[in-house]
Amino acid sequence: MIRPRRLRISPSLRKLVEEVELSPSKLVAPVFVCEGRGIQKPHPQLPTSYTFSVDRLIPYVKSLKKLGIISTVLFGVSKKKDAKGSEALNSHGPVVKAIEAIRNAVPDFLVMTDIALDPYTDHGHDGLYKNGEILNDETVQVLCEMSLLHVRSGAQIVAPSDMMDGRVRAIRRRLEKENMKNVSILAYTAKYASSLYGPFRDTLGAKVKGDKKSYQMNPANRREALRELRLDIEEGADMVMVKPASWYLDVIADFKRESDVPVAAYQVSGECAMIELGARAKLFDRSRAIMESTLSIKRAGADVILTYFAKDIAELL
Ligand code: PBG
């Protein structure tokens, strides 16, 4: 008789035939950095995700490394906001200092940085914004400068999250021109105009004027993501990303099937906060929900997962 349950009968058998596995080295821990000293502030809905001043950052990064996590993605948090997001290009800002500090203290740690203007614009948009419109090509120029600044400070990977057209090509060209040949671009390739970014925007203190639907993708669209995929790879992306993750597993599976570059997925702040709140309300067990959600993202095809639970997962493993 054919009995599929045979392979489920003991923990060892279940482990032997397990199809996908989470591992700390494939998890990227998002870290928020701000000005000041002595700051390590947990997010109210994401108690294991922090905003740090640079002086508090290194012990945390070392604790990640001890658990087998080898990469972080840095986001700036700033009160200095204006229409142009000028602070994005401040060569003495906290992101630059954080990159330098991490590369000095933990040289082999991979530092990627989010490339977009929204932490620094008073209108909350990822790009330059005039008369209700996002200026695509002008924004791309600023993103190139921002990438260059981060790479000069030591970032090994830049991750443009702005969804402007042509930005991967422009950043790639700019980096080549500056002889920065070994810097990877992780493109936020299919980034959807999602309801799930709320807790992140709270951290940034970003209030978006209107919405981001003229650049982030329509959640109804699956085939359009393949177009973005083709373009980003043609333009020189080394890795591609789907964001958010859990509600877009079909898109992750498509990317895995249709491309030959590493596929990343971003379990965003709202996804993680839902799990925290559900666990707090005793709807389910927190650890099991964290593991199941990220395992699903992995099973769908993600090679790399950006998640606020990176450290929690590494501890659970
Ligand atoms: C924007 C950016 C966003 C996130 C990462 N980069 C938010 C947005 O598009 O408004 C969201 C991440 C999260 O919710 O965890 N550059």
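Q: Which residues touch the most other members of the largest nonpolar core?
A: In soluble globular proteins, nonpolar side chains tend to be buried together. In this predicted model, the largest nonpolar core has 101 residues, and Ile 252 and Phe 255 touch the most other members.

Q: Which residues does Phe 255 touch, leaving aside those up to four places away in sequence?
A: With those sequence neighbours not counted, Phe 255 touches Thr 189, Ala 190, Ala 225, Leu 229, Val 240, Met 241, Val 242 and Val 263.

Q: Which residues come nearest to the ligand?
A: There are 18 residues around the ligand, of which Arg 201, Lys 212, Lys 243, Ser 269 and Tyr 308 come nearest.

Q: Where do polar side-chain atoms lie 2.7 Å from a ligand oxygen atom?
A: One such atom belongs to Ser 269. An N or O atom in the side chain of Arg 201 is likewise 2.7 Å from a ligand oxygen atom. For Ser 161, a polar side-chain atom lies 2.7 Å from a nitrogen atom of the ligand. The protein covers 100% of the 400 Å² of accessible area that the ligand has on its own.

Note on methods:
Residues numbered from 1 in each chain as written. Predicted model: local features only at pLDDT ≥ 70, side-chain atom pairs only at ≥ 80, totals over all residues. Heavy atoms only, no water. Core = buried A, V, L, I, M, F, W, Y, C linked by side-chain atoms within 4.5 Å. Buried < 20%, exposed > 50% of the residue type's maximum accessible area, 1.4 Å probe, protein only. Contact = heavy atoms within 4.5 Å. Near = heavy atom within 4 Å. Polar contact = N/O pair within 3.5 Å; in protein donor to acceptor, adjacent residues only side chain to side chain. Areas by Shrake-Rupley, 256 points an atom, 1.4 Å probe, with all protein chains shown as cover.
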